[in-house]
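This briefing is meant for a reader meeting the structure for the first time. It moves from the overall fold to the nonpolar cores and then to the backbone.

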Amino acid sequence: MIVVHHNPACATSRNVLQTIEAAGYAPVVVEYLTEGWTRPQLLGLFAAAGLTPRTALRETKSPAAGLGLLEPGVSEARILDAMLEHPVLVNRPIVCTDKGVRLCRPGEAVLDLLDNWPQGPFAKEDGAVIIDADGQRVGGAGQSG
């Protein structure tokens, strides 16, 4: 099973979801801006992905600066509390598969979590090719899925 913590307004999140679906998967999509987060859920995702609240904090296009979360010395606990109150503070998309959990930024990072890839050539919505006609990853290491 694949779970995508998704923000449909985000191009990176849309690209990741499109890549997963084009590879033949039917992921569970969690629109976290609508559903919100729970403390155990975030702590579990962060632990599995090797993140902390600070490293998962969305700094731009979020209320992070206005809430004082970008100041030196702000505790992880304060950032986590703010994420629970303001779900948009969590960077996205976070993808969970049998291969692991990862914050997929850049979006091509999702390929590392998939056994199968979309048939090439395959491009993101901006036209940037991420899988060539031979099924090889473009611009990074990795084998075809």
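**Overview of the predicted model**

In this predicted model, residues 24 or more positions apart account for 56% of the contacts in the protein chain with a separation of 6 or more. The secondary structure comprises four helices and six strands, which follow one another along the sequence in the pattern β-α-β-α-α-α-β-β-β-β. The radius of gyration of the protein chain is 16 Å, close to the 15 Å that the globule rule gives for 145 residues, so the chain is as compact as a globular protein of that length.

**Dimensions, surface and charge**

- Taken along the principal axes, the box filled by the C-alpha atoms of the protein chain is roughly 50 × 25 × 25 Å.
- Of the 145 residues in the protein chain, 43% count as buried, while the chain exposes about 7,300 Å², of which carbon and sulfur atoms supply 51%.

**Nonpolar cores**

- In soluble globular proteins, nonpolar side chains tend to be buried together.
- The largest nonpolar core of this chain has 23 residues, and the members that touch the most others are F46, L69 and M83.
- Two or more residues of this core come from each of helix 3 (39–49), helix 4 (76–85), strand 3 (94–97) and strand 4 (100–103), and helix 4 gives the largest share, with four residues.
- Leaving aside its neighbours within four places in sequence, F46 is in contact with L51, T52, P53, A56, L80, M83, V90 and I94.
- There is also a second, separate core of 16 residues, and among its members are V4, I20, A23 and L111.

**Backbone features in the loops**

- Most residues other than glycine have a negative phi, and most peptide bonds are trans.
- The peptide bond from R92 to P93 is cis, with omega near -5 degrees, and P93 lies in the loop between helix 4 and strand 3.
- The peptide bond from R105 to P106 is likewise cis, with omega near 0 degrees, and P106 is placed in the loop between strand 4 and strand 5 (122–123).
- K61, a residue other than glycine, has a positive phi, near 50 degrees, and belongs to the loop between helix 3 and helix 4.
- With a relative accessible area of 73%, which is over the 50% cut-off, K61 counts as exposed.

Notes: Residues are numbered from 1 along each chain as its sequence is written. This is a predicted model: local features need pLDDT of at least 70, side-chain atom pairs count only at pLDDT 80 or more; totals for chains, interfaces and linings use all residues. Side-chain values use heavy atoms; hydrogens and water are left out. The radius of gyration is taken over C-alpha atoms; the globule rule is 2.2 Å times the number of residues to the power 0.38. Buried means under 20% relative accessible area, exposed over 50%, partly exposed in between (1.4 Å probe, protein chains only). Contact means heavy atoms within 4.5 Å. Accessible areas come from the Shrake-Rupley method with a 1.4 Å probe; for residues, only the protein chains shown count as cover. A nonpolar core is a set of buried Ala, Val, Leu, Ile, Met, Phe, Trp, Tyr and Cys residues joined through side-chain atoms within 4.5 Å.
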